[in-house]
Amino acid sequence: MQDKVLEISHMKKVYGDLSVLKDISLSVKKGEVVSVIGPSGSGKSTLLRCATMLERMDGGELVYLGERAAYEENGKCTYVSKADLKRIRKYYGLVFQNFNLFPHYTVLKNVMDAPVSVDKVPKQEARQRADALLAQLGLADKTNVYPHQLSGGQQQRVSIARALALQPQILFFDEPTSALDPELTGEVLKVIRELARQHMTMIIVTHEMQFARELSDRIIFMEQGVIQQQGTPEEIFTAPNARVKEFIGKFAG
């Protein structure tokens, strides 16, 4: 049984002369919730984009459930075959800050589309899966409406249902509440809390400090492309290093 869902070793990402990720190593165990915090421009979203292969790494190793997706060879980052990558991509789901729903698809079709077209799940099974997820996320009455007819919080819950429909081993959230007002933020955080109770493995990039403190098994503080401190919420909030203390203080004030 593979205990570690994700292992990242010495991940690097460079844009021209700018080194955005300098040397990132972390691993996430099954059922663990890891929050990534830090100032804007610290590399948090780039970390997620490289981990989910939306961006190519420039160095390091990326492993899901013991299977290598990318590794460094002769100073160059090499990815495994397209067929292997296609299989590995099924291990994770990604929820974006701007929902990224298909505007011309109903809620139901947004959730069913990938299982049917990517995973070749029979339509009836995909429908059952979608109905169950939408009910779980309080959207059972929204199956036939379109994204523009929903609030931002509802749209984000649909995008969470869409990610869950592929039955991933790990879910990535890239600031899932940053496009929402405080009232709608609460309903999305409630869904993520419920997923944590169900032992869903998650990495959450967030500015919600109290939420990160309550929910996480581990918090990672990033700045300038490196992990400056990581530990349990207790360690991060009660014994932060000077820089983390300054950062958290801005939110606590």
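This is a predicted model: local features need pLDDT of at least 70, side-chain atom pairs count only at pLDDT 80 or more; totals for chains, interfaces and linings use all residues.
Biologist: Is threonine 106 buried or exposed?

Modeller: A residue is called buried when its relative accessible area is under 20%. Threonine 106 has 16% relative accessibility and therefore counts as buried. Setting aside residues up to four places away in sequence, threonine 106 touches Thr143, Asn144, Val145 and Tyr146.

Biologist: How do α3 and α5 cross, and with what handedness?

Modeller: Angles under 35 degrees count as roughly parallel. The axes of α3 and α5 cross at roughly 25° and come within 8 Å, so these helices are roughly parallel to each other. This crossing is right-handed. Val107, Asn110, Val111 and Pro115 of α3 meet Val158, Ala161, Arg162 and Ala165 of α5.

Biologist: Serine 159 is found in helix α5. Which side chain does a polar contact of 2.3 Å join to that of serine 159?

Modeller: The partner is glutamine 156, whose side chain is joined to that of serine 159 by the 2.3 Å polar contact. At 1% relative accessibility, serine 159 counts as buried. Beyond its neighbours within four places in sequence, serine 159 is in contact with Val95, Phe99 and Leu101.

Biologist: How should I read a nonpolar core, and how many residues has the largest one here?

Modeller: One groups buried nonpolar residues that are joined through their side-chain atoms. The largest such core has 37 residues, and those with the most contacts inside it are Ile160, Leu171, Phe173, Ile192, Leu195, Met202 and Ile204. At least two residues each come from α3 (107-117), α4 (123-136), α5 (152-165), β8 (170-174), α6 (182-197), β9 (201-205) and α7 (209-215). Helix α6 gives the most to this core, with seven residues. Apart from this core lies another, of 35 residues, among them Met57, Ala69, Cys77 and Leu94.

Biologist: Which residues does isoleucine 204 touch?

Modeller: Contacts with residues up to four places away in sequence are not counted. Isoleucine 204 then touches Val33, Val34, Ser35, Val36, Phe173, Pro176, Ile192, Phe211 and Leu215.

Biologist: Helix α6 also holds glutamate 183. Is glutamate 183 buried or exposed?

Modeller: Glutamate 183 counts as exposed, because its relative accessibility is 70%.

Biologist: How many residues of helix α1 are buried?

Modeller: Helix α1, residues 44-51, is mostly covered, with six of its eight residues buried. Those six are Lys44, Thr46, Leu47, Leu48, Cys50 and Ala51. Methionine 53 follows α1 and has a positive phi, near 60°.

Biologist: Finally, where is glutamine 229, and what does it contact?

Modeller: Glutamine 229 is in strand β11, residues 226-231. At 16% relative accessibility, glutamine 229 counts as buried. A polar atom of its side chain lies 2.8 Å from the backbone nitrogen of asparagine 241. Leaving aside neighbours within four places in sequence, the contacts of glutamine 229 include Ile219, Phe221, Glu235, Pro240, Asn241 and Val244. Glutamine 229 and arginine 243 are 14 residues apart in sequence, and their C-alpha atoms are 9.3 Å apart in space.

Conventions:
Residues are numbered from 1 along each chain as its sequence is written. Side-chain values use heavy atoms; hydrogens and water are left out. Helices (H or I, at least four residues) and strands (E, at least two) are DSSP runs, numbered from the N terminus. Buried means under 20% relative accessible area, exposed over 50%, partly exposed in between (1.4 Å probe, protein chains only). Contact means heavy atoms within 4.5 Å. A polar contact is a pair of N or O atoms within 3.5 Å; within protein, one must be able to donate a hydrogen and the other to accept it, and residues adjacent in sequence count only if both atoms are side-chain atoms. A nonpolar core is a set of buried Ala, Val, Leu, Ile, Met, Phe, Trp, Tyr and Cys residues joined through side-chain atoms within 4.5 Å. Axes are lines fitted to C-alpha atoms, for helices over the stretch in contact, and angles run from 0 to 180 degrees between N-to-C directions. Angles under 35 degrees count as roughly parallel, over 145 as roughly antiparallel, 65 to 115 as roughly perpendicular and the rest as oblique. A crossing is left-handed if the near helix is turned anticlockwise from the far one by less than a right angle, and right-handed if clockwise.
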